[in-house]
Amino acid sequence: MNAKILIVEDERKMAQFLMMELEHEGYDVEIVYNGREAMELIQNESFDVVLLDIMLPGINGMEVCRRVRQFSDVPIIMVTAKADVTDRVMGLDTGANDYLTKPFAIEELLARIRAIQRNRQKVSEDVLQVGNLVMNTKTHEVTQNGENVSLTKKEYDLLEMLLRNKGIVLTRDRLLESLWGYEYSGDTNVIDVFIKHLRSKLDSDQKGSVITTVRGVGYVIKEEKK
Ligand code: CA
């Protein structure tokens, strides 16, 4: 799937030019010409990068950025004719990820978009998530509905294995092997016991278990249905 970019730019020629260049690179592009439309669209659609001009009619780019940050962490590159250091700092302070001064070479814009995408990728590898359950594999923190879930080492490892293989049914043997190594020769029921512990810690709401039992096979954490 192509990455999706939103251009927020009131100069129509500039917007068209950027769209053409970005589409040529294989991005899907949408354009809006003012801040209000930008906020509406960001609220209703997901974008991989937003190119946000600062000098816009009505609500300016800085203010758009500040407001968007109250509900979205979409990557924002500020684009502006103002080269002032204070503007640059202000832009980043309002939550922009990067800053580009007009006129700029299209190659520089493309490089910055790629850099932002690489960073996002890294973060998404560190953070495993399904629904309201989030595991940060760097800090080893697990939260559900924003609340900390305290897990033992083995419970954590089991959950990580299931999250990393989201949508794939893992057999008891496979889980045992990865958690205890090949040498383990015990009963595979031990997995059932750990799953039970995990469920008791995770399933405090009424939506049912995040971990699904596949009878006679093993366990799976299913992808969320969108
Ligand atoms: Ca402008």
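Donors are N, O and S atoms within 2.8 Å of the metal, or 3.2 Å for Na, K and Ca; water is not among the atoms, so sites may look incomplete. With that in hand, the donors of the calcium ion follow the spacing D-x42-D-x1-M along the chain. Asp 10 lies in the loop between strand S1 (4–8) and helix H1 (12–24) and Met 55 in the loop between strand S3 (49–53) and H3, so the pair ties together parts that are 45 residues apart in sequence. Distances from the ion to its donors, which are Asp 10 (OD), Asp 53 (OD) and Met 55 (O), run from 2.1 to 2.4 Å.

A word on the source: this is a predicted model, in which local features need pLDDT of at least 70 and side-chain atom pairs count only at pLDDT 80 or more, while totals for chains, interfaces and linings use all residues. Residues are numbered from 1 along each chain as its sequence is written, and side-chain values use heavy atoms, with hydrogens and water left out.

Helices (H or I, at least four residues) and strands (E, at least two) are DSSP runs, numbered from the N terminus. Buried means under 20% relative accessible area, exposed over 50%, and partly exposed in between (1.4 Å probe, protein chains only). Here are two residues on that scale:

| Residue | Relative accessibility | Class |
|---|---|---|
| Asp 10 | 29% | partly exposed |
| Leu 18 | 2% | buried |

Leu 18 sits in helix H1. Which residues does Leu 18 touch, not counting those up to four places away in sequence? They are Ile 7, Leu 51, Phe 104, Ile 106 and Leu 109, where contact means heavy atoms within 4.5 Å.

Helix H3 (residues 61–68) has Gly 61, Met 62, Val 64, Cys 65 and Val 68 buried. They cover an arc of only 160° around the axis (taken from the directions from the helix axis to the C-beta atoms), which puts them on the same side of H3. At the start of H3, a side-chain oxygen of Asn 60 comes within 3.0 Å of the backbone nitrogen of Met 62.

Further along, three strands form an open sheet in the order S10-S12-S11, with antiparallel pairing; two strands pair if DSSP finds at least two bridges between them. Strands S10 (170–171) and S11 (211–214) are the edges, each pairing on one side only. Four bridges join S11 and S12 (residues 218–221) in the antiparallel sense, and Thr 213 has Tyr 219 in S12 as its bridge partner.

Note on methods
A polar contact is a pair of N or O atoms within 3.5 Å; within protein, one must be able to donate a hydrogen and the other to accept it, and residues adjacent in sequence count only if both atoms are side-chain atoms.
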